[in-house]
Amino acid sequence: MILDAVSEHQHEPSAHRIRALHTASTVTVYQAYAPRLGLPAARDGRFPAAWKRDRMTWIKPSFLWMMYRCGWATKQDQETVLAVEITREGFEWALRHACLSHHDPDRHPDRAAWKRQLRESPARVQWDPERDLQLRPLPYRSLQLGLGGEAARRYADEWTVSLTDVTPLAHRVHAAVRAGDLTGARSLLPVEEPYPAGPEILAHLAA
């Protein structure tokens, strides 16, 4: 479900806004895995038993931030990039039950209260600078959503609608960037539009 992008980022967005490829019922996030795990997952359309459901896993709605993280699918154990289509219901459940991954004095009376919330929350959020096609930081931020405990189990076994290996896409975009064809590279990108998450979902996370 990859569409041509009119531009990499059409408008100057707010600092903390989720941008993602999404439909009326799903949202696409990205993860990178070693081929021994990523390839079977893409083949079978589900995470295998070897996928550790008791560990924190981070999902990223930004394709280019995923490219920054995995080095265009070249870093060790990140050579297979998956587009994971999950239900919006699950995605929003995770956001509602998430806390910030860092202490925010405006939201936590002290660090002890934040650490307690961090231990009790099944999800956590951090906002990192979005990236351009050359993986340089942009002046606004991209969501990284960490899932642990109940959230990780639900993600793997309930929320996931489809798993697609987009490693070939990563390589095509990277090849165009290396060739200096930024217009061609941009045309390959997934269309990531503002996700309709209102204050009731993001107010406690927009730090």
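Guide: A residue counts as buried when its relative accessible area is under 20%, as exposed when it is over 50%, and as partly exposed in between, with a 1.4 Å probe and protein chains only as cover. The model is predicted: local features need pLDDT of at least 70, side-chain atom pairs count only at pLDDT 80 or more, and totals for chains, interfaces and linings use all residues. Residues are numbered from 1 along each chain as its sequence is written, and side-chain values use heavy atoms, with hydrogens and water left out.

Visitor: What percentage of the residues in the chain is buried?
Guide: The chain holds 8 helices and 9 strands, where helices (H or I, at least four residues) and strands (E, at least two) are DSSP runs numbered from the N terminus. Of its 207 residues, the buried ones make up 52%.

Visitor: What share of the contacts with a separation of 6 or more comes from residues 24 or more positions apart?
Guide: A contact is defined by heavy atoms within 4.5 Å. Among contacts in the chain with a separation of 6 or more, the share from residues 24 or more positions apart is 78%.

Visitor: Why do the buried residues of α5 lie on the same side of the helix?
Guide: In α5 (residues 149-159), the buried residues are Ala151, Ala152, Tyr155, Ala156 and Trp159. They share a side because the directions from the helix axis to their C-beta atoms cover an arc of only 135°.

Visitor: Which exposed residues does the opposite face of α5 carry?
Guide: The buried residues of α5 pack against β2 (26-33), β3 (57-59), β4 (80-87), α3 (88-96), β7 (137-147) and β8 (160-165). On the face turned away from that buried side, the exposed residues are Asp157 and Glu158.

Visitor: Which elements are included in the cover of the buried residues of α1?
Guide: Within α1 (35-44), Leu37, Gly38, Pro40, Ala41 and Ala42 are buried. Just after this helix, Gly45 takes a positive phi of about 75°. The cover of the buried residues of α1 includes β2, β4 and β8.

Visitor: Which element gives the most residues to the lining of the largest pocket?
Guide: A pocket is an open set of points on a 1 Å grid over the protein atoms alone, with protein on both sides within 12 Å along at least five of seven lines, and lining residues have an atom within 4 Å of a point. The largest pocket is lined by 18 residues, and Ala32, Tyr33, Leu37, Arg55 and Thr57 lie nearest its centre. Two or more lining residues come from each of β2, α1, β3 and α2 (63-70). With 3 residues, the element that gives the most is β2.

Conventions. 1 Å grid on protein atoms, 1.4 Å probe; cavity = no way out; pocket = protein on both sides within 12 Å on 5 of 7 lines; lining within 4 Å.
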